[in-house]
Amino acid sequence: MDKLLTKALRYKRWERILFSVILVIIGITGLTLLAFAPSYQDYVRFTEDYNIQARGVRISAQTTDIESERQRIASVDHVAACIPQSERYFFTSQLTAGDFSLQDARVTGINEALAPELIAGTPIEHADDFLCPPVLTDANGHKIDGESLIGQTISITVEQQHYTVEFFTNPDVFPTTSDTKTFTGRITGVYRPFEPDDNMLVAGFETVGEMSQYRQGNLQEFQPDGTLIVYADSYSNLSQVESALRSMGYSSSPTFWLDKTGVFLIMVGAWTAFVLIGLVLFWIIWVLLRRQLASRSNEIALLKATGIENIRIGRGLLVNLLRTAVLPVCLSGAFFWLISRLLAKLLFLGLVGYTPGPSGYIVFLAGIVAACCGIIIALLPGITRLSPALLLREETK
Amino acid sequence: MAILTADNLTKQYTKHKKSVLAVDHFTYQFQPGKLYAILGESGAGKTTLLSILGGLEKPSDGQLYFEDRELSGMKDRELSQWRKNKIGFIFQSSALCQNLSALENVMLPILAAGIPRMEARQRAEALLDSVGLSERADFLPQELSGGEKQRIAFIRAIANDPELILADEPTGNLDEKNEKLLFERLSALAKEGRCVIIVSHNPQILHYADCKIVLSSGRRLGADG
Ligand SMILES: Nc1ncnc2c1ncn2[C@@H]1O[C@H](COP(=O)(O)OP(=O)(O)OP(=O)(O)O)[C@@H](O)[C@H]1O
Ligand SMILES: [Mg+2]
């Protein structure tokens with residue numbers, strides 16, 4: 001019975017084709033945008049949460065003699081470190097460029113077990129380890145006054161990374177740890193990287209430049225792009241460093257957005273756009289389905305006059321819709337997967353250890369399908385209202 | 001006992017604040033075993049009356065009883081059930097599902113009544129055979145002539161052996177021979193004890209009708225028989 005019912009309500013061929021094409025277009029554009037929205041948000045979240053301590057300025061080297069250029073820049077006021085920067089790994093190197101908390105540097109003797117890995121560059125998924133407890137204490141539990149640590153000599157053991165290319169699992173450059181080396185130096189400055197009421201302290205450290213170079217190991221073999229990242233000793237001095245570098249003839253740009261209002265505005269704009277686009281897509285699907293219902297009204301009236309219940313007719317329509325939608329949904333789903341991987345790759349280029357991918361966003365695909373079903377259910381009253389008496393008023397064909 | 005009792009049935013359509021009284025206090029008792037002809041000029045309310053009698057439209061006022069059950073109080077489910085088992089409609093446009101073959105079109109109401117597929121198929125084949133269309137079982141409606149479609153619409157309407165058969169201009173696009181055949185078949189059904197109600201402009205109907213109901217502006221003018 002239901003098989004026959006479904007057949008009776010089947011769309012005409014041109015309707016099916018039109019519907020499929022529209023669904024594919026909607027799927028591809030809509031899902032891509034939807035995929036982009038959360039990726040974009042993640043991106044901003046990353047830069048906000050973790051990179052606020054970057055205080056980096058990115059510049060392009062002017063000569064091929066990177067080493068002497070680094071020394072020249074390092075002598076500029078308020079420069080904590082200057083290291084060759086790989087586009088891909090600036091996040092990693094940023095962690096090693098001198099901005100480590102006292103605790104991480106084992107000044108106080110607490111959390112000693114953590115320190116070496118942290119200095120060696122914690123992969124981003126362990127970034128939580130890098131964040132300090134809100135109140136710094138020494139081994140005896142006494143609160144530490146950061147300023148009192150300036151001038152102290154500390155030593156840090158750094159593990160050198162050895163980079164290899166792993167083509168099969170992921171065409172990316174992967175670090176593996178090899179040798180270790182201990183660096184000794186004095187703390188040159190202490191400052192709070194976060195908000196004023198945040199207790200985390202970060203120290204500038206004399207030998208951090210060498211240290212991070214050492215830690216980077218053979219990275220330059222993979223990306224000898226001549227970009228340098230210059231770290232200021234505190235965020236408040238960043239613009240000063242930046243203008244100093246400009247006056248030296250470098251074109252410089254901050255490594256991350258640090259302006260939260262800008263980010264907020266961008267997010268609001270982006271989400272408004274996505275919501276609007278979503279509404280338009282919803283409207284298109286709605287109109288399309290109403291049209292489908294109208295074009296089947298004769299059949300529906302006949303089925304009703306035959307004494308078939310509304311709910312069964314609704315089910316027949318739904319089966320037909322789903323059947324028509326399977327191919328376009330699969331097609332646009334596949335496209336969606338690809339494009340979102342690509343987008344994520346582009347967006348998260350600099351984040352080591354972050355696996356981009358739309359796995360979580362499949363939820364949106366499910367959302368679209370659910371929305372379609374919802375619309376059909378919403379159309380049920382339409383079926384109920386459709387009077388079978390219209391058959392009696394039908395013009396003779 | 002009357003199979004269908006109309007008690008002051010009234011249907012008023014309102015559109016753009018203008019109201020049309022399509023059926024005006026129609027009271028009548030339809031008996032089984034009779035063929036009724038509903039006549040009247042165009043716009044008199046014949047189609048409206050028929051759709052109310054078949055439960056396709058609800059009256060704005062008045063009651064309709066099937067045997068002794070009141071219909072206006074029924075829910076969609078019950079009404080569907082009632083239409084499925086008790087009523088056969090024949091529409092002027094010989095309404096058939098365009099996607100279904102002749103056989104499937106006849107099978108649909110039988111399956112809807114809960115008959116198993118195999119049995120429904122046999123019954124549909126027998127019905128097609130009875131109107132000489134077994135050769136056309138696999139044809140789609142657009143591959144059939146007007147008269148053939150009408151015959152299929154006819155057997156479709158009687159497939160579940162309904163007690164009440166309603167037809168609106170069933171001979172609309174038939175030639176004289178087919179017209180006569182259809183009226184004869186409907187008349188035979190009435191003789192077998194069913195109640196047949198036909199709306200028609202065709203004067204031929206008067207040769208077959210047991211009772212004549214004339215409508216004018218929604219009102220019944222008089223009935224004989
Ligand atoms: N859905 C509707 N809304 C408003 N008015 C309607 C509606 N359906 C019918 N009418 C009006 O009700 C009146 C009766 O219509 P009906 O179709 O019953 O006439 P009829 O007797 O069947 O005419 P015909 O012989 O031309 O088919 C007409 O004046 C028509 O305009
Ligand atoms: Mg009419």
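**Notes on the predicted model**

1. Starting with the surface of chain A: A:Ile17, A:Val21 and A:Ile25 make up a nonpolar patch there, and together they expose about 270 Å² of accessible area. One of the three, A:Ile25, belongs to helix 2 of chain A, which covers residues 13–49. Bear in mind that this is a predicted model.

2. Now the helix pair in chain B. Helix 5 (residues 146–158) and helix 6 (residues 176–191) of chain B have axes that come within 11 Å and cross at roughly 10°. Angles under 35 degrees count as roughly parallel, and helix 5 and helix 6 of chain B are therefore roughly parallel to each other.

3. Who does the touching? From helix 5 of chain B, the contact uses B:Gln150, B:Arg151, B:Phe154 and B:Ile158. Helix 6 of chain B brings B:Asn178, B:Leu182, B:Arg185, B:Leu186 and B:Leu189. Sorted by class, the contact between these two helices of chain B has five nonpolar residues, two polar ones and two charged ones.

4. One to look at is B:Asp24 with B:Arg219, where the closest N and O atoms sit 3.0 Å apart.

Definitions and conventions: Residues are numbered from 1 along each chain as its sequence is written. Chains are lettered from A and ligands numbered from 1 in the order in which they are written. This is a predicted model: local features need pLDDT of at least 70, side-chain atom pairs count only at pLDDT 80 or more; totals for chains, interfaces and linings use all residues. Side-chain values use heavy atoms; hydrogens and water are left out. Patches are made of residues with over 30% relative accessible area and no salt bridge: like charges are joined within 9 Å, nonpolar side chains (Val, Leu, Ile, Met, Phe, Trp, Tyr) within 5 Å. Accessible areas come from the Shrake-Rupley method with a 1.4 Å probe; for residues, only the protein chains shown count as cover. A salt bridge is a side-chain nitrogen of Lys or Arg within 4 Å of a carboxyl oxygen of Asp or Glu. Helices (H or I, at least four residues) and strands (E, at least two) are DSSP runs, numbered from the N terminus. Axes are lines fitted to C-alpha atoms, for helices over the stretch in contact, and angles run from 0 to 180 degrees between N-to-C directions. Angles under 35 degrees count as roughly parallel, over 145 as roughly antiparallel, 65 to 115 as roughly perpendicular and the rest as oblique. Contact means heavy atoms within 4.5 Å. Ala, Val, Leu, Ile, Met, Phe, Trp, Tyr, Cys and Pro count as nonpolar, Asp, Glu, Lys and Arg as charged, and the others, Gly among them, as polar.
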